[in-house]
Amino acid sequence: MPFQPVLLWSDAVLWLLTGLLVALAVVSRRSPPLAAAWRKVGQSRTGMAAATLLTVFALVGLADSLHYRQLLPAAPDKPAAYGVEVLSLLDGALSGLRNHGEKTYSAPLATVSYAMETRTGSDGVQQRDFPPLRFGGAQLSPGDSWAADVAVRGIVGVAAGTLLWWLISTVLLWSSTRGAASGDTIAQIKPWRGFQAIMLKRPPGSFAWDAVLVTLLLICLIAGKLAALASGYHVFGTDKVGQDVLYQVLKSVRTALVIGLVTTLVTLPLGILLGIAAGYFGGWIDDAIQYLYTVLNSIPGVLLIAAAVLMMQVVIDTHPEWFATAAERADLRLLALCFILGFTSWTGLARLLRGEALKLRELDYVQAAQAFGVAPFTILLRHILPNVMHIVIITLVMDFSGLVLSEAVLSYVGIGVDPTTISFGTMINNARMELAREPVVWWSLVAAFAFMFALVLAANLFADAVQAAFDPRRSAQ
């Protein structure tokens, strides 16, 4: 076998979450109220544009969650052996960016290094100069124009992106027309007409295909241009050790997704169980739960997280036998950070659900169920929980962006993910010293900020669309 599959704990959790989201989609489709709310989300141009961008980020993160170890060259009379380096499917796809490292800093699209060094010329005279890069612009021959090469690659990338967009949009429209009912407007749109048909014939209240296609077009154009330029240059430059910055920001997407999704998975059971129990039962249960989250909210969050992370780090350092590779060690620290953030972030959701449960328990149908002797657990499961799910879904989507930003802040102060784990926070943390050097190295910080901004902005816009569709008060307006 040319590779050995490796399943990290975070991979298992991330794929489990993906399965749960698919199950949620199936359940929502069979539930008329949930299906109606999600249809409102689908009618929002802003929400669907954000969802399209989030889907692309999710695909990048899932491709980075399929890990393996490569088969080493066979030795005579010895069994097959695999390398200790754990790679992912994304690493394999980006092998050009991963392996084409430089000695140190280089600016975006540069052909020479950003640091001068002493070189010996052909005449034997030593002089200080900017040495040419090993891979950035190596395809240029003496006399070739850098600007012309960049322009040609950009045009080819845009053309390839346009072709890719046309193929994807045709497949999407073809699949949507097959699923549409007879007589539906979308069923009357021919797939090969694609963008023009959707833009001109989209009736009010239908799915926002126009926003999806426009967003896809922008993504395909940018991705095509980046791919074409990355085959000959370091598009976003390189860092101190010569690693490609574009490769780093793409790897950071998985870390952000793990932080946002896994932490939410830890937060939800605590927030739902304690919040509903406090509101429905009242009495000493309400007092105890209120005391618990009031105490937690009284402790400075950063100090609490820092103490837990440092204690966890001691445990990991004193048990090196638990980990076969460095990737497993870094992965456990990433998961531990998710659990620490989850155990300290459930109080807000619990407060909201407590207030909603206090109101619901006084309604007639709940009082009638109590009078007929229905068990409290059954009442919670059948009458309370379904009526607070809109709050849970809104909180789940809105907390995602906050958790992604939390990781960046925690890594910036040195208590975030393992230093060997590439994330937006570690990139920003490493870039702070680069801003103090002369000349300034700005591209690592700008690239990390731009990608994190796009991810968080898309999550916030999608959260707004979900809140507008699921919140009964906003829906009634």
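This is a predicted model: local features need pLDDT of at least 70, side-chain atom pairs count only at pLDDT 80 or more; totals for chains, interfaces and linings use all residues.
Where does the lining come from? Strand β3 (82-88) and helices α9 and α12 (326-343) each supply at least two residues. Helix α12 provides the largest share of the lining, five residues. By class, 10 of its residues are nonpolar, six are polar and seven are charged.

Now turn to the nonpolar cores. In soluble globular proteins, nonpolar side chains tend to be buried together. The largest nonpolar core in this model has 64 residues. Six of them touch the most other members: Val-41, Met-48, Phe-424, Leu-455, Phe-462 and Phe-470.

Which elements give two or more residues to this core? They are α2 (32-43), α3 (45-63), α6 (146-179), α8 (209-230), α9 (245-281), α15 (376-412), α16 (424-434) and α17 (443-470). The biggest contribution is from α17, with 15 residues.

Take Val-41 as a close-up. Leaving out residues up to four places away in sequence, Val-41 touches Met-48, Phe-462, Ala-465, Val-466, Ala-469 and Phe-470. Two of these partners, Met-48 and Phe-462, are also on the list of core members with the most contacts to other members.

Definitions and conventions. Residues are numbered from 1 along each chain as its sequence is written. Side-chain values use heavy atoms; hydrogens and water are left out. A nonpolar core is a set of buried Ala, Val, Leu, Ile, Met, Phe, Trp, Tyr and Cys residues joined through side-chain atoms within 4.5 Å. Buried means under 20% relative accessible area, exposed over 50%, partly exposed in between (1.4 Å probe, protein chains only). Helices (H or I, at least four residues) and strands (E, at least two) are DSSP runs, numbered from the N terminus. Contact means heavy atoms within 4.5 Å. Ala, Val, Leu, Ile, Met, Phe, Trp, Tyr, Cys and Pro count as nonpolar, Asp, Glu, Lys and Arg as charged, and the others, Gly among them, as polar.
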